Amino acid sequence: MERIDAELVVLGAGPGGYAAAFYAADRGKKVVLIENDNRLGGVCLNRGCIPSKSLLHATHMISEAEASARRGIAFSKPEIDSARLRSWKDGIIHKLSQGLRMLAQRRGVEVMFGRGRFEGARSLRVETEEGQRFIDFENAIVATGSEPAIPKAWDLGSSRIMTSNEALEVDTIPRKLLVIGGGYIGMELGTVYAALGSKVTLVEALDTILTGTDPDLVRPVMYRAKKKFEEIRLKTKVKRLSTKDRHIEAITEKDGQEYAELFDRVLVAVGRRPNCDDLGLENTSVELDERGFIKVDERQRTADSNIYAIGDVAGGVMLAHKAAKEARIAIEALLGESAIFDAVIPAVVFTDPEVAWCGLTEREAGERGIDVTIATFPWGASGRALAVGRPDGVTKLVVEPQTERILGMGIAGHGAAELIGEGVILVEMGATARDLAESVHPHPTLSETLMECAEMFYGHATHAAPRPKKT
Amino acid sequence: MDIRLPNMGEGAEAGTVASILVKAGDIVEKDQALIELESEKAVISIPSTTAGRVSKIHVRKGDEIRVGAVVVSLDRGEGSSAGGEERTAEPGDEPPKRPTMQGLPKPDAPPSPPPELPEGVRPGASPTIRRMARDLGIDLRRIRGTARGGRIMVADLRDYVARLQQAAGSHATTAPPAAPTPLDTPAIDFSRWGPVRVERATALRKTIASRMADSWRTIPHVAQFGDADITALTALRKQYVPIYKEKNARLTLTPIVLKAVANALARHPVVNSSWDEASGDIVLKDYVHIGLAVDTDAGLIVPVIRDVDRKSVLELAREVEALTERTRRRQISMDETRGGTFTVSNQGGIGGAHFTPIVNKPEAAILGVGRGREMLRKVDGEVRTRIVLPLTVSHDHRIIDGANGVRFLVDLVEIIERFPAEELEIERTKG
């Protein structure tokens, strides 16, 4: 079979890979995009962001309907048809995936389904259904993403032990579900299953859920999750999982005491590992770090100068929008432009309520010894938050006290993920607390909490009791 | 409440505390001067922004402080407005009193650098500005932002570039050819022609690079070549080596050359001088501190031996050995590398002959010593084997003309060739 020449090969068609392929094509490159799965979109579209947010939206209706009874509008108990829920969700994925196919086609990006493997620093072999294809490239971008990590001892080969991949399929609604890991994946999927009616027990080895998040932002999430979940057990280790009839027996240990419980299903959400195996990286000069991620410089270039890596496989926070930004940087770098990675990457957690932050966090400022002033605005003082029945939120600003520049923003509350975009702009633009305080925000909206939070920095927010600014 | 160093205007961002006008417990009025601050341009008194009792003074005389630093803490007394609210200036407030200037600011003072940001906090600038700066190869940390919170605007970047151009332009008129700036040098991707390895330059390497480039760019160098016949001196040295050894000292050529240089400098004060670039004066020094170029694993370091003219060869031998050793171990302080009036670079231990060393700015001259080697020379009408030491004096032509440079070299050669045995005596006591 004849060899294909490409200016750029992108390995992996997730939100990093397809963004890189599309941008490179828009900038005039001849691009081949290789995807191991049979659909474009990667984890984000097929087994991550999109299905989880679809399910969260669908199940949010259940808890809203419950809350509605208190407002004098009561609904009867919902009937849940999980097959229909699944096919609705799959429909969304299918539509978006087809959209990507069309966008690739319009740009002249050649899409190849199959497993790609480097044969050298300038060539790649792809195992497709139609047989092997060989590609000679000038540059390559590795965007193969990550997959859920599951410790060997827990991998019993039982379909009752799930990772996020299986949990998002919702093929059944277990009566009792154990979620191992209180990170964002465990919390988001725990929320979905709790709303669908599962009794969810979540165990976390550390002393808090959402480790790394500022404690004041975690608090509203913890408060609500405690009500919705059967139990949240912190500082708890899972000693053993074993199959017992049609159940999984989990032995957990907290404060020296062991618990043996039976669950219908177990969701393991203890982290994700990079997909670097079997890519033929040993045939290139690409280097991995001690945790198995591909080492890149600030322009996303690997130790092999023709090869770039972006997204989860290149380490750092595992977020689709970070991968997409890195895609742009890698393309600009290989076009010889001056792009470097210096962007503010917002973090969003779709728990209930949502948590989102960007820039410097209070916690990081403390760890790095950066002198900051924190201003917070409680949502209990927001008219809109009360009107939508969600006063359980907080908006906070991390401000550099000398210049009054906003270094970071954090929000916990309903719709926080939509609100944080403004924070990103403020941090990226180097805006001051006064810039924010003096920009009029529409009333009555949740976005007002940002403006009022900036007013809190000066000690005089309209809807909060006056108090001296914290230093 | 804390009284912080306010923005003093005129681009002054920092200064040294010249005097403290209050003490803890003092009752101060609003606008009463608290301290006097000496900045690059003037002495400024810093007024209190409010009335109160001084509870703590946070600065000491001589401290270097920046805008925003806490100067004193005040307890607000009963006399202050009710509520004790503390806030920054609001629109409509009486503008805070500007610090009063005493003395005239220097005209043409260069714009002061922007205030230092905490580690990990980058300058306030939009992504557009950051990209422009990257494209131009400009470090935003060097630019003062004029917008609120010190944010850097397009105009600030444009002003900075204009100043760089102006600076490059004025160089061109005073010191042709124009100084090349990093802006003129396009990035080269060496990996296009084969595999490369990139090492980050150490701080020392960067210092060497910038100092050498500065010396080379600003000093018009002249190099004078000479040879000293050290046959007699070598014999003399060999005779004294065991005597020095008894005193735990190594008598190498270096301390002898240092002594000879000090004696030659005594005859040629202009070689022991500096060109003051700021004032255009020639500064002649009554002391002789000689720098010694030391080759360390990390790169060139030049520690200075003080008062070479007043030390015996024995003292110099000991000091050269100890200082060289400490330098190689990177145990010398910055102070020990400053204040030199002349430098000696002896490469003879490695090899080589004549070479043209670069003057160690702000000194006016440097001596390069090569390896002594046997040569056939005509002495008293007969061809004999002699040991000849190659010497080069590089000097700053702005101060030392060629004739004066070569006179110094001729005298130095003569002093070395006829180095007196008394200078090596160790019983000799010095005053």
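How many residues does helix α7 (residues 402-417) of chain B have, and how far does the helix reach from its first C-alpha to its last? Helix α7(B) has 16 residues and spans 22 Å between those two atoms, close to the 22 Å expected at 1.5 Å a residue. The expected span is 1.5 Å times one less than the number of residues.

This is a predicted model, in which local features need pLDDT of at least 70, side-chain atom pairs count only at pLDDT 80 or more, and totals for chains, interfaces and linings use all residues. Residues are numbered from 1 along each chain as its sequence is written, while chains are lettered from A and ligands numbered from 1 in the order in which they are written. Helices (H or I, at least four residues) and strands (E, at least two) are DSSP runs, numbered from the N terminus.

**Chain B**

Chain B has seven helices and 20 strands. Among contacts in chain B between residues at least 6 apart in sequence, 65% join residues at least 24 apart. A contact here means that the C-beta atoms of two residues, placed from the backbone, lie within 7 Å.

In α7(B), the buried residues are B:Gly405, B:Phe408, B:Leu409, B:Leu412, B:Ile415 and B:Ile416. Seen down the helix axis, they fall within an arc of 125°, so they line one face of α7(B). The arc is that of the directions from the helix axis to the C-beta atoms. These buried residues pack against β10 (221-229), α4 (231-246), α5 (253-267) and β20 (382-396) of chain B.

An open sheet of four strands in chain B has the order β1-β8-β6-β3, with antiparallel pairing. Strands β1 (2-4) and β3 (27-28) of chain B stand at its edges with a single partner strand each, so one side of each is left without a neighbour in the sheet. Strands count as paired if DSSP finds at least two bridges between them.

**Chain A**

Strand β2 (residues 31-35) of chain A has five of its five residues buried, so it is largely enclosed by the rest of the structure. A:Val31, A:Leu33 and A:Glu35 lie on one side of β2(A), and A:Val32 and A:Ile34 on the other. Together with helix α1 (residues 17-26) of chain A, β1(A) and β2(A) make a right-handed β-α-β unit. Right-handed means that, with the strands pointing away from the viewer, the path from the first strand over the helix to the second runs clockwise.

An open sheet of five strands in chain A has the order β8-β15-β9-β10-β11, with parallel pairing. Its edge strands, β8 (161-162) and β11 (231-233) of chain A, each pair on one side only.

| Strand pair | Bridges | Sense |
|---|---|---|
| β1(A) and β2(A) | four | parallel |
| β2(A) and β3(A) | four | parallel |
| β10(A) and β11(A) | three | parallel |
| β1(B) and β8(B) | three | antiparallel |

Individual bridge partners include A:Leu8 with A:Val31 in β2(A), A:Val32 with A:Glu110 in β3(A), and B:Asp2 with B:Ser73 in β8(B).

**Between the chains**

The contact takes 22 residues from chain A and 19 residues from chain B. On the side of chain A that touches chain B, the elements giving two or more residues are β22 (405-413), α11 (416-429) and α12 (433-437) of chain A.

Methods
A residue is buried if 20 or more other C-beta atoms lie within 10 Å of its own, exposed if 12 or fewer, and partly exposed in between; C-beta atoms are placed from the backbone.
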